[in-house]
Amino acid sequence: MENKTSFFDKPIWPVLFVLILSLVFVGILAVMYRASEPRIKRQQREAYEKTILSLAADSLASLSGLQAQALESDYPTSYKNHIGTLDEDSFARKAFEVKYDGTPIAYVFDVGGKGLWGTMRALVATSLDLQTLLGLNVYDQSETPGLGGRIEEEWFTSQFKGKPILDNSSPIEFEMVPEGQKEIKPQQLRQITGATITSKAVVDMIRGELAQIAKSRTEEGK
């Protein structure tokens, strides 16, 4: 008498079971991702806009008499009232114009550069003549956590505020000094301990990008 083996007892069944289970979970994850994608994109856009507003807040506060924190807390109303997106070909970079009572008072540029391990991107606020930095926020980078990754820390980015960055279209040179140095001169910046290359890469990115923006502005007579 023939001894029939059940399909579920055959060696192929565990393989098929794992395959089917994997497809089910992949399908569930795909549905969940699609369902949450609009919300993720909205949150990313809001975080990006809030960063732009934070870089412009002090300039707006000095004219409005309001606290910078109050302006930031009033997002999205304050963003809609004071920040405008410029045409992409205006400065060959993604650019935003900061206005108070309809009058331009500053720019914010989305700039990019190369770090030690990959590319990085930052938002940089400048005066209208592009000569002075008003603020910096590094929002995307792939540097070493605890070392180069510290370029996002507030103490590092805040030291750029108020620094002259261009002399007409020529980038100004900066001397990098130790992180713990208490007193620094106008043309000095503190570098992150153990991340000399990344610290300098941030400075080079800003200098190079703003010099290019200033050059294109001069050539087009903007």
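This is a short walk through a predicted model, one selection at a time. Local features are taken where pLDDT is at least 70 and side-chain atom pairs at pLDDT 80 or more, while totals for chains, interfaces and linings use all residues. Residues are numbered from 1 along each chain as its sequence is written, and side-chain values use heavy atoms, with hydrogens and water left out.

**Stop 1: the largest core**

Select Phe-109, Leu-136, Phe-160, Val-202, Ile-206 and Leu-210. These have the most contacts inside the largest nonpolar core, a set of 31 residues. A nonpolar core here is a set of buried Ala, Val, Leu, Ile, Met, Phe, Trp, Tyr and Cys residues joined through side-chain atoms within 4.5 Å; buried means under 20% relative accessible area, exposed over 50%, and partly exposed in between, with a 1.4 Å probe and protein chains only.

Now colour by element. Strand 3 (103-114), strand 4 (119-126), strand 5 and helix 5 (196-219) each supply at least two residues of this core, and helix 5 gives the largest share, nine residues. Helices (H or I, at least four residues) and strands (E, at least two) are DSSP runs, numbered from the N terminus.

Centre on Phe-160. Leaving aside neighbours within four places in sequence, Phe-160 is in contact (heavy atoms within 4.5 Å) with Leu-133, Leu-136, Leu-189, Val-202, Val-203 and Ile-206.

**Stop 2: the second core and Leu-71**

A separate core of 19 residues includes Leu-53, Ala-61, Ile-83 and Phe-96. Then pick Leu-71, in helix 2. Leu-71 is buried, at 5% relative accessible area. Beyond residues up to four places away in sequence, Leu-71 touches Leu-53, Ala-57, Leu-60, Ala-61, Ser-64, Leu-66, Ser-78 and His-82.

**Stop 3: the largest pocket**

Jump to Leu-55, Leu-136, Glu-154, Thr-157 and Ser-158, which lie nearest the centre of the largest pocket among its 16 lining residues. Helix 1 (12-64), helix 2 (68-73), strand 5 (133-140) and helix 4 (154-158) each give two or more residues to that lining, and strand 5 gives the most, with five. On a 1 Å grid over the protein atoms alone, a pocket is an open set of points where a 1.4 Å probe fits, with protein on both sides within 12 Å along at least five of seven lines; lining residues have an atom within 4 Å of a point.

**Stop 4: Gln-188**

Gln-188 sits in strand 9 (residues 188-190) and is buried, with a relative accessible area of 9%. Show the side chain: it makes a polar contact with the side chain of Glu-175 at 2.9 Å. The Gln-188 side chain also reaches the backbone nitrogen of Lys-185, again at 2.9 Å. A polar contact is a pair of N or O atoms within 3.5 Å; within protein, one must be able to donate a hydrogen and the other to accept it, and residues adjacent in sequence count only if both atoms are side-chain atoms.

**Stop 5**

Most residues other than glycine have a negative phi, and most peptide bonds are trans. Go to Tyr-75 and Pro-76: the peptide bond between them is cis, with omega near 10°. Pro-76 is in the loop between helix 2 and helix 3 (77-82).

Next, Asp-101, whose phi is positive, near 55°. Asp-101 is exposed, at 69% relative accessible area, in the loop between strand 2 (94-100) and strand 3. Finish on Asn-168, with a positive phi near 60°, in the loop between strand 6 (166-167) and strand 7 (170-171).
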